[in-house]
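Trainee: Could we go through this one together, a question at a time?

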Amino acid sequence: MGQAFYTSISGIKAGQNSINVVADNLANMNTIGFKQSSVTFSDVYYNTLSAGSGATTNLGGTNPKQIGVGTQTGAIARNFTTGSSLSTGVSTDMMLQGNGFFTVMNQDNQILYTKAGNFTLDEEGHLTLPSGYKLMGASSSFSTQSGNTPVKIPTMIETKTIPNTADIGTKDLSKLNNVSISTGTFKINVVDGGGTTTPVEITIADGDNLATIANKIQTGLNGVAAGHTVSLSGGKLQITPPAGETLKFESGTSNFVSATQLNDSNPTAGQPYSSKVLDYKQEIKVADNKETAQKYAGMTVYQDGSLEVKYSNGDKLKVVQDDNNNSVFQYTTAEGVVITGNDVTVPPQVATPANLQLQVASFINQNGLVGVGNNCFSQGANCGDAFYGTPNGNGFGALASGTLEGSNVDMTAQFADMIVAQRGIEANSRVFDTQNQIMKSLAYLGQ
């Protein structure tokens, strides 16, 4: 007879759990990246008075007779739908527009996951949450293992742009970083000491490099008169004719003459005709002298999670994907020369590509994550494997800079849930009181 006490108590406890969840949701309605939770309930077990029976030839079957003994919290699940977009205009504020979590590392070197993108730069150039947790960089565009390199902006560097004197002759024409040369023909008009002009036509074919072109020019000119020297020196193409001879350059179906600026070359007697610098290399070093170093002047974050750092001299450093989908550095000078890959030398003491490419993660079951506070989750037993990558690819959402993801708490729904829970508690309290009155009446029987 007293079972109703315990049944109603279970209902009161369940209602209180619902109130507690609503209270937490409403308390975090302005928390960046917060995901509201909801409670579902299930019955417990049953007191079986009769198990029922099957039909026989002479008698029909009977159903089981059971009395339930209350309710319990079946699940408390988070709603991972995207919250509202909050525009801030601050480049270090970020929002993932779709699937994925930012990955951060706490003071114990544990990888945690968050939807909160309110990062700031610390004194060493790390992007950190208000808790101090460091945003992690991506070592791979897709992996089942987290990278162990934090995002860290080189805030002070020494840098030097120098002409390519190493492999300029063997590089593909499309890889030269200060000129764009098309295939086709152009002419070099050879004018001898007597004023006679002899045209030499040069053809640039697919697959030619600068060394091939230089050889074609030298062969063509020496077919008119011996003594021409064509070389690649100081990142430039240089043509030295014999004494008394002048050269005039004429564009054809190829843009070679105008692109290399050979048509603007007007050397003094005995000096070579010279193009502009056609290819550069970039050397970046640790800043030994803070007075002369280039200093951090701003940052741009792109949809793929790559960071472009701008320096006080107007130059920019970022990470891009090469033809083999590997992350490499790209340096852009203030004059607009774009230097990429092996042409950019960056020692690991300054930066690695992972320092400028943030990492994100996804899970098969997001509700298996375990909340650990500070807007972060840890990997739980039932969330499945973590998949790591970069934004805007492999199923991950694009990154929006200057925007934060707000809480997804729906106030209207929370107040409705609170009223339902309140009524549930009140109803179960009435049952408890009724059972109490019955027990009280029984206690006075026989007096």
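Mentor: Happy to! Let's begin with residue classes: Ala, Val, Leu, Ile, Met, Phe, Trp, Tyr, Cys and Pro count as nonpolar, Asp, Glu, Lys and Arg as charged, and the others, Gly among them, as polar. This is a predicted model, where local features need pLDDT of at least 70 and side-chain atom pairs count only at pLDDT 80 or more, while totals for chains, interfaces and linings use all residues. Residues are numbered from 1 along each chain as its sequence is written, and side-chain values use heavy atoms, with hydrogens and water left out.

Trainee: How do the residues lining the largest pocket divide by class?

Mentor: A pocket here is an open set of points on a 1 Å grid over the protein atoms alone, where a 1.4 Å probe fits, with protein on both sides within 12 Å along at least five of seven lines; lining residues have an atom within 4 Å of a point. The lining has 20 residues, with Lys175, Asp322, Thr340, Gly341 and Asn342 nearest the centre. By class they are five nonpolar, eight polar and seven charged.

Trainee: Which element gives the most to that lining?

Mentor: Strands (E, at least two residues) and helices (H or I, at least four) are DSSP runs, numbered from the N terminus. Strand S23 (316–321) and S25 are the elements that give two or more residues to the lining. The one that gives the most, with three residues, is S25.

Trainee: Which strands stand at the edges of the open sheet of eight strands?

Mentor: Two strands pair if DSSP finds at least two bridges between them. The order is S25-S24-S23-S22-S21-S13-S20-S26, with mixed pairing. Each edge strand has a single partner, so one side of it lacks a neighbour in the sheet; these are S25 (338–340) and S26 (344–345).

Trainee: Is Thr260 buried or exposed?

Mentor: Thr260 lies in helix H3 (residues 256–260). Its contacts (heavy atoms within 4.5 Å) include Val179, Ile181 and Leu278, not counting residues up to four places away in sequence. Buried means under 20% relative accessible area and exposed over 50%, with partly exposed in between (1.4 Å probe, protein chains only). At a relative accessible area of 0%, Thr260 is buried.

Trainee: Which residue of S29 stands opposite Tyr113?

Mentor: Tyr113 belongs to strand S8 (residues 111–114), where Ile111 and Tyr113 point one way and Leu112 and Thr114 the other. Two bridges join S8 to strand S29 (residues 376–378), and the two run antiparallel. Opposite Tyr113 stands Phe377.
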